[in-house]
Amino acid sequence: MVSASGAARSDAAEPVESSSLPALTSFNKVSLGDGFVETLYAADAARHPKVIAVRVDAAAMKSLPSAPSHDGQTCFDKDGDGINLETDCASGHERDLWLPKLNGLPFKWLMFNWQMHGHGPTHVFDKPHFDLHFFIQDFAARNQIRTGPCNLVINCDDDAKAKKTVPAPYAPEGWGLPGAAGRMGNHLIDPNAAPANGDPFTQAFAYGTWDGHITFWEPVLNKDWIVATKPSAACRSIPQTPAVEKSGYYPTQMCTRYGSNGDMTFTLEKFVERTAPAGAEASAEATGTRTQSEAVQQHH
């Protein structure tokens, strides 16, 4: 067990040695291009998480949506002349998938985004990539984050709420940028880690916030890097906050694998148990980061 006050901060750019994957069970699958994207998992005998995975099959990797740039799920008509899917939207091509209800797993569902042109900040995430939002906040609460004319297509009042400071010890120390988005919340990255520090963009990590709480964890994967390097297992540590608001099992490593058949499998691994300080979970419940909605409890 790792106590809430004793979690060490990991080096965000530190590569780590990979381990072989246990057998994965498919949980939820949705179409993407000519193929599919799916969530998978492995658990121990007590149904604690061992691996949470996202797989894009080879057919989808070869036929990712290319036009328009966005599918229209996170948009706002800024000029009052109708939605322009190239300029009025922010989420690329989105797929929402459920995650299994495992004992101690804080994540409830996945917001998968394919960003064919990337997005800002310039020279940071402006290359084709996958955004994998592992939400602690439940699906219904996320849907209340409105689109609007501020920042990345977010309602201006909600923009302020998304940027509300996460108090210590739950905040990642020294993180900031790149901004709030409708139907997501704010995003925080480490300015001293790649690609924000100018090092190559391979696989990065962000925390998402809403109303002063951590509401999602977000790996960001450079699609061109995956296809060009075909990693058998590229793993890195996940930076940990000093404490968590919800007790449970949290991953400390993330890996990207490119299969011999051309599929891509991303994994959260090496889960450790963390205990929240007294009273923290009651505070988090108000933003939907503790109570699981009925919709998320569905299997498939």
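Ala, Val, Leu, Ile, Met, Phe, Trp, Tyr, Cys and Pro count as nonpolar here, Asp, Glu, Lys and Arg as charged, and the others, Gly among them, as polar.

## Ground rules

This is a predicted model, where local features need pLDDT of at least 70, side-chain atom pairs count only at pLDDT 80 or more, and totals for chains, interfaces and linings use all residues. Residues are numbered from 1 along each chain as its sequence is written, and side-chain values use heavy atoms, leaving out hydrogens and water.

Let's start with the second largest cavity. Its lining has 11 nonpolar residues, two charged ones and no polar ones.

## Aromatic pairs

Rings of Phe, Tyr and Trp (its six-membered ring) pair if their centres lie within 6.5 Å; planes under 30 degrees apart are stacked, over 60 edge-to-face, and the rest tilted. The whole structure holds 17 aromatic pairs. Take tryptophan 109 and phenylalanine 135: they are stacked, 4.4 Å centre to centre with 10° between the planes. Both tryptophan 109 and phenylalanine 135 are buried (under 20% relative accessible area, with a 1.4 Å probe and protein chains only).

Now for tryptophan 175 and tyrosine 207: their ring centres are 5.4 Å apart and their planes at 55°, so this pair is tilted. Tryptophan 175 and tyrosine 207 are buried too. They also belong to one aromatic cluster, along with Phe107, Phe134, Phe205, Trp217, Tyr250 and Phe266.

## A charge over a ring

Lysine 29 has its charged end over the ring of phenylalanine 36, 4.2 Å from the ring's centre. To count, NZ of Lys or CZ of Arg must be within 6 Å of the ring centre and within 35 degrees of the ring normal.

Note on methods
Buried < 20%, exposed > 50% of the residue type's maximum accessible area, 1.4 Å probe, protein only.
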